[in-house]
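Open the model in your viewer and keep the selection tool at hand. The stops below follow the aromatic rings.

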Amino acid sequence: MKKHNYSAGPCILPQEVFEKASRAVLNFNNSGLSILEISHRSKDFVAVMDDARALTLELLGLEGKGYQALFLQGGASLEFLRVPYNLMKTDGKAAYLDTGTWASGAMKEAKPFGETIAVASSKESNYTFIPKNYSIPIDADYFHCTSNNTIFGTQMKSFPNTNVPVVCDMSSDIFSRVLDFSKFDIIYAGAQKNMGPAGTTLVVIKEEILGKTGRNIPNILNYEQHIAKESMYNTPAVFAVYTSLLTLQWLKNKGGIAAIEKENEAKAALLYNEIDRNPLFKGVVATEDRSVMNATFTLNNSEHQETFDALWKAAGISGINGHRSVGGYRASMYNALPIESVQVLVDVMKELENRVQ
């Protein structure tokens, strides 16, 4: 039976990426060696890294605008630490928008470096909306936000205009919608949502903001060191970077971010329309802040849970249980999820309605 993979991450990837990556595991570039065993210093892999970094900037519209793309390790969680190390001045200040678990985690990592303030938070409402109309201190060394909140299912639909450097964790919606990416000074994203397997993290940096903190930064945490070594300061995650390149090539061939945005909006509309129409379900978050990537919803009557769970499992649906911290259901609709899979979930929801009424 075909599986419909709604996992929040690691998540679904394009079938053609799996096929190309599997061939490379056996024989990469007709070298007689596996992608898993080639030297990261070999000509073949250096070309992979160079192509992945260049294609990242091309897709984001940042070519020739003073940005560098890096593929690092440690997940977005390490960027929580690397960002203040590289941007917060000695005795400086950082401003954070607290919109969920990961935004809160990023703020906690910054606190040992200096004054760290939350310009707004939706924590008291269990992060069911994105705060608006907040002010960013003009003396902040940077402003940090999380564009999409995977656990709670909210997404920022607009970003503040400020002269303060803007840092954004885009782990769960990178490459999913058209934005003016030049508004951001640092973008970082774990690969395992829209780009590739777990193991590498994309970091896109406007070079001119670096080297201004006055603090001593350990080399492994220093963005300038990673830029100078072209993402080769230490051994990169070879397979994860290669698979990310394949995914970026797949995205370019589809027509880039503008093309995939239309598909993502259609998928989200199909599911949210059913959540709103079906009397057995309800959405969890504020309608205007609903995530296109992660739809969170619950049953109005928990007595139907056993039947609903049996139905979606029988239909080949996988990974729609909500995060353990919030419960309910979460359908993650990343770039590679086809709209046909969303239709299967919608049909199951309608079948439940027919059975219990």
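Rings of Phe, Tyr and Trp (its six-membered ring) pair if their centres lie within 6.5 Å; planes under 30 degrees apart count as stacked, over 60 as edge-to-face and the rest as tilted. This is a predicted model, in which local features need pLDDT of at least 70, side-chain atom pairs count only at pLDDT 80 or more, and totals for chains, interfaces and linings use all residues. Residues are numbered from 1 along each chain as its sequence is written, and side-chain values use heavy atoms, with hydrogens and water left out.

Start with the cluster: select Phe-281, Phe-297, Phe-308 and Tyr-329, which ring pairs link together.

Across the whole structure, a search finds eleven aromatic pairs. Select Phe-80 and Tyr-188, an edge-to-face pair at 6.3 Å centre to centre with 70° between the planes. Phe-80 is in helix α3 (residues 75-87) and Tyr-188 in strand β9 (residues 186-190), so this pair ties together parts 108 residues apart in sequence. Helices (H or I, at least four residues) and strands (E, at least two) are DSSP runs, numbered from the N terminus. Phe-80 is buried at 6% relative accessible area, and Tyr-188 is buried at 0%; buried means under 20%, exposed over 50%, partly exposed in between (1.4 Å probe, protein chains only).

Return to Phe-281 and Phe-297: the ring centres are 5.8 Å apart and the planes at 70°, so the pair is edge-to-face. Phe-281 belongs to strand β11 (residues 281-283) and Phe-297 to strand β12 (residues 294-299), 16 residues apart. Phe-281 is buried at 4% relative accessibility, and Phe-297 is buried at 0%.
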